Every structure is written in structure tokens, then in C-alpha cells.
Amino acid sequence: MGWNLIRTWTLLVYLFMFLPVAVVVLLSFNASQFGSFPMTGFSLRWFIELSQNEAILRAFRTSIVLGLMTATISTTLGVLASLALVRYRVPGANVISTLLIAPILVPEVVLAVALLLFLNFMSINKSFTLLLAGHVIFTLPFVILVVQARLVSIRRDVEEAAMSLGASPRQTFFQITLPLMLPAVLAGALFAFTISFDDITGTLFWKPGGVETVPTQIFAMLRNSISPEINALGTVMILLTVGLPLLGLAIARSASTKRGS
Amino acid sequence: MSVEAREARQPWILLSPALGAVTLLLFVPLAFILVYSFWLRTATGADQVGFYLENWREALSDAFYRDILINTLKIAAITTIVCALMGYPAAYFIARSKGNKAILLLLLMLPFWISYIIRTMSWINILGVSGAFNSALMTLGVISEPIQMLYNETTVILGLVHFLLPFMVLNVFVSLEGIDTNLEDAANSLGATKWQSFLQVTLPLSLPGLAAGGLLCFVLGAGTYITPIVLGGPTDAMFANLVFEAIITQLNWPLGSALSLMLLAVLGTLVLIYNRYLGMAQLMKGLG
């Protein structure tokens, strides 16, 4: 009896999580002029309008460029730091870990204000540079957490075997360690990209006037009224933000099975 | 340089870019706004450098700020409790299910990946005047005119719960997974009912996870300003909205600094208390 109750409860929780999202997808195919209920038929018109909306396309380009640059920089920083923390005995490793995680322990609004005001004081105004700096510092802890968790599972004896067979430390790193690390690096990069692509709290503080990322563009559009175009954009975002991590998972999985065989 | 010395230097070389970034882009800026909060924004829009207590006096004594701070903490507390009540049984189900746990967990984590702004605005489709609920009620003939269910404190909490629930489930799940199920079996074989063994064995052992999830829900909930704008009414501003208002709209940066630090002090204290009793390791487990 108790178990059935828990099962039903869990089902309701899943329903709560998915229903609003499902409705976004459903409405994005709505033929009705106002894009609301009742559904009047199936149509792709909102996706076509979306693909012709210059502002949204520009926002997409900005978000993708920003996301790629953020992922590159914060993955590089994160992988180096994770290597140091996992592979070496560093005095005060706990304190260092906490310091590196600090950007997610500080409320994002506070981080956003501090960075905006300080860089402005250093004569770096609201700009793409500020936006990039903000996204890097905000995604870095996530990359470090993900990469560190994966790095721990790479066994050292494989590297030691390579070295005992005559490989130099450099050869060992590039031919053994790096390929083994690749899934962790990719997972970290995807994580950083997704978080950057989705960020709105800090972005609204950092972005220069006239520049919009996809979330801030949606936010600006919401101020008018909810149009079916937003639902179509939502559907595209859902596909992207859910599809990318799943793709990353698949890459990581296939890499590990190949290694295992 | 000896081999040992070079070996000892290596981790620091690897760490320095990340530590440098965190120092330059987080710690120095935080120290800077502390100094900045004692400056004064003059009528001309220029900052007067010095040691003025005006911003802090305004931030700490103005009833307007105090009421919104209290309201923010209240909303965050209710959100956290609702997340715990909804999330704990779900996490328990996933942890004890005989089915595919990984898939069940992944499913619940999926919304976590879906854009925050999309998830927040999706409630307008459900509860808005032309949303699913009103449409259904009108079709059924229960109401003849659509009701406005949006833009109040309840919908702000609803939006926050929808945003934060995965954090709760994940943290509780991680701690439930770490409990040896033999303990429960032992309690049962010693005569405890299922409910007793849950209350006296499983629940206490899973409290660290519940606390980690609760901390995340509370801190993230109390720091938000997007949800109240999208799903709240004119009187539902939260503290972060005040910060945004001061910095972006009024351009009173010294006052905005003081307000930011106030929020940081309140939420930072919670993190420190948590760290003192439970340690950061539990939190890292849930995040990683």
C-alpha cells in the first residue's frame, strides 16, 4: 500500500516537471493565430516565422559564439586545475577546492554586481569581454566538479606502464592520458556550453545595450505578450539543451565501451 | 632546480590560471564592492570616494528593504519545504525502485537541462487567461469567464519549485543510495514496522542529503529575480529585484553594492553554518 502511494506521488512529480514543457512543445505547433488554447490544428508556421526573425537569429549567433568561447576557456582552466587536484598532493587541497567552487556558492546576482562594478572601475565597460569573463567564472566550478569526478576513475598504472615501456612523460601525456581524459574534457565543455547558453541572471547585468543572447531575447519578448513564436523558440531550445547533454553522454558512453573492448 | 622542487611546483603551475581567474573575477570584485558600498553617488551621477555610512544606513534601516528581505526569505523557505515534500518521496522511489534507476533519474534531471527562462514562462501557457487550465475549465462549463491565476506569490513559488526540485531530488537520492539497505532489513527483523524503520533508520541517515538539497533550494531561490518578474505581480519583488533596480535602473552603484553584500551576508551565513556542521563534501557529491 505504502509503496503504491509513493509510486503515485512520484508519477505526479514527474507530471509536474514535464507537463509545462510538453505544453510549450504542443503549442508551438498550434495553427491558431494567438498560439493559445484551444488548438485549432497542426502547423509549422511559427517555426517558419522564427527562422525569419532577424533579432532571434542574431541572439542565437551571439549565444553560440559566447557559449563556445566560454566552454573553451573554462574547460582549459578547469582541466588544468582538476589535474593538479587529482594527480598531485597539493598542500591545502581542500581550501583550494572550496576557493575554486566559490563562484557557485555566491548568489549569482552578487557575483554579477561585483564583476560589473569592478571591471567598470578598471575601465572595462559592459561589453562582450565582460560577458565572457562572467560566463567563464560562473561555469568554471561546474567544469571542475564534472572533470574531477571523471578523472579520479582513470587509473594511474596505465600511465606507469607506458613510462616503464620507455615512453617519455610528454609522450605518455599525449598518447595515454589525454585520450583517456577526452570524455571528461568533452563532458566538462558541454556542461559549460549548456550553462552559458542558458544563463540569464548574470547576462542581464553584463550584456551591452543592443546585444541579446537567446534567454535575454526571450525575456524581452515576454514583456510584450506570450506569442506562439516564443513557444517555437522554446521547442528549439528544449531540443538543443536536452539534445546536447544526451549527445555528450552518448559520446562518453561509446568512448568507454570502445576502450573496454 | 632539483627534480623534487620541479615536481612540487607543477601542480601550482596547473592551478594558477584557474586560481588567478577566481581571484581576479570574484574575490577582488567582492572586496571592491565592499569598499564601493561606502562611497556616495552624488546628484551629478559621479561617485564621491570616501567613507560614508549613508548607503548602509539606508539599506539596513529602511522598512521597505527590510520587508522585502523578510518576504524573500519567506518565499525561499516555503519553496524549500515544498521541494522537500515533493522531492523526498520521489528520490526514495528512484533509489529503492527495482527498475532502471539511471533512466528514472535521468528523466527527472532532463528538465534541469531545459532552459530556465523557458521553464519559467511555460507556466503562462498553463495558468494564463488563455492557458490550458482556463481553457479546460471553460470547455467543461465550470467557468464562463477566464480567471487570472498568474502574477501572485503562489505562482512565484510554483515557478521556483519547478526550477529547484531537481536539485532536491538529486541530493536526497545520492544520500539514500549511500545507505546500506541491510540496516533497514535489520530493523525490520528486530520487529520494527516498515514505517518505524524508515523514521528511525533511513530518514536520519538521509538527513545530510536533505540538508544539502535544502541549502541549494534556499540559496538559489532567495537569489532569484527573473521568476518574480515573469510570474509575480507588481508587489512580489524579491531582494535580488532591488539589487537589479539599484544597479541597472537607478544606476546607484554604491547603494546597489551595499544591498548585494546584505544578500551575500544573509545567504553566506547559511552556507557557513551548513559547512560548519555538515561540510562541503556532501554538497559536492550532489553537484558532481
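Modeller: Gladly! Let us start with a word we need: contact means heavy atoms within 4.5 Å. By that rule, and leaving out residues up to four places away in sequence, B:Ser260 touches A:Val110, A:Val113, B:Ile33 and B:Val243. Please keep in mind that this is a predicted model.

Colleague: Where is B:Ser260 found?

Modeller: Helix α12 of chain B, residues 253–278, holds B:Ser260. The C-alpha atom of B:Ser260 is separated by 33 Å from that of B:Phe173, 87 residues apart along the chain.

Colleague: Why is B:Ser260 called buried?

Modeller: Buried means under 20% relative accessible area. B:Ser260 has 0% relative accessibility, so it counts as buried.

Colleague: What makes A:Ala31 partly exposed?

Modeller: The label partly exposed covers values between the buried limit of 20% and the exposed limit of 50%. A:Ala31 has 25% relative accessibility, so it counts as partly exposed. Its place is in the loop between α1 (2–28) and α2 (45–51) of chain A. Not counting residues up to four places away in sequence, A:Ala31 touches A:Thr40, A:Gly41, A:Phe42, A:Ser43 and A:Arg45. From A:Ala31 to A:Gly210, 179 residues apart in sequence, the C-alpha to C-alpha distance is 32 Å.

Colleague: How many helices and strands does chain A have?

Modeller: Chain A comes to 11 helices and zero strands. Of its 261 residues, 52% count as buried.

Colleague: How do you know that A:Arg87 forms a salt bridge with A:Glu159?

Modeller: The rule asks for a side-chain nitrogen of Lys or Arg within 4 Å of a carboxyl oxygen of Asp or Glu. In the pair of A:Arg87 and A:Glu159, the closest N and O atoms are 2.7 Å apart, so the pair meets the rule. A:Arg87 lies in helix α3 (residues 54–87) and A:Glu159 in helix α7 (residues 156–164) of chain A, so this pair ties together parts that are 72 residues apart in sequence.

Colleague: Are those two residues buried or exposed?

Modeller: Both values can be set against the limit of 20%. A:Arg87 has 14% relative accessibility, so it counts as buried. A:Glu159 has 5%, so it counts as buried too.

Colleague: What makes B:Lys74 and B:Glu153 a salt bridge?

Modeller: Their side chains meet at 3.3 Å, N to O, and the limit is 4 Å, so the pair qualifies. B:Lys74 lies in helix α3 (residues 63–96) and B:Glu153 in helix α7 (residues 153–177) of chain B, so the pair ties together parts that are 79 residues apart in sequence. B:Lys74, at 40% relative accessibility, counts as partly exposed, and B:Glu153 is partly exposed at 22%.

Key
Residues are numbered from 1 along each chain as its sequence is written. Chains are lettered from A and ligands numbered from 1 in the order in which they are written. This is a predicted model: local features need pLDDT of at least 70, side-chain atom pairs count only at pLDDT 80 or more; totals for chains, interfaces and linings use all residues. Side-chain values use heavy atoms; hydrogens and water are left out. Helices (H or I, at least four residues) and strands (E, at least two) are DSSP runs, numbered from the N terminus. Buried means under 20% relative accessible area, exposed over 50%, partly exposed in between (1.4 Å probe, protein chains only).
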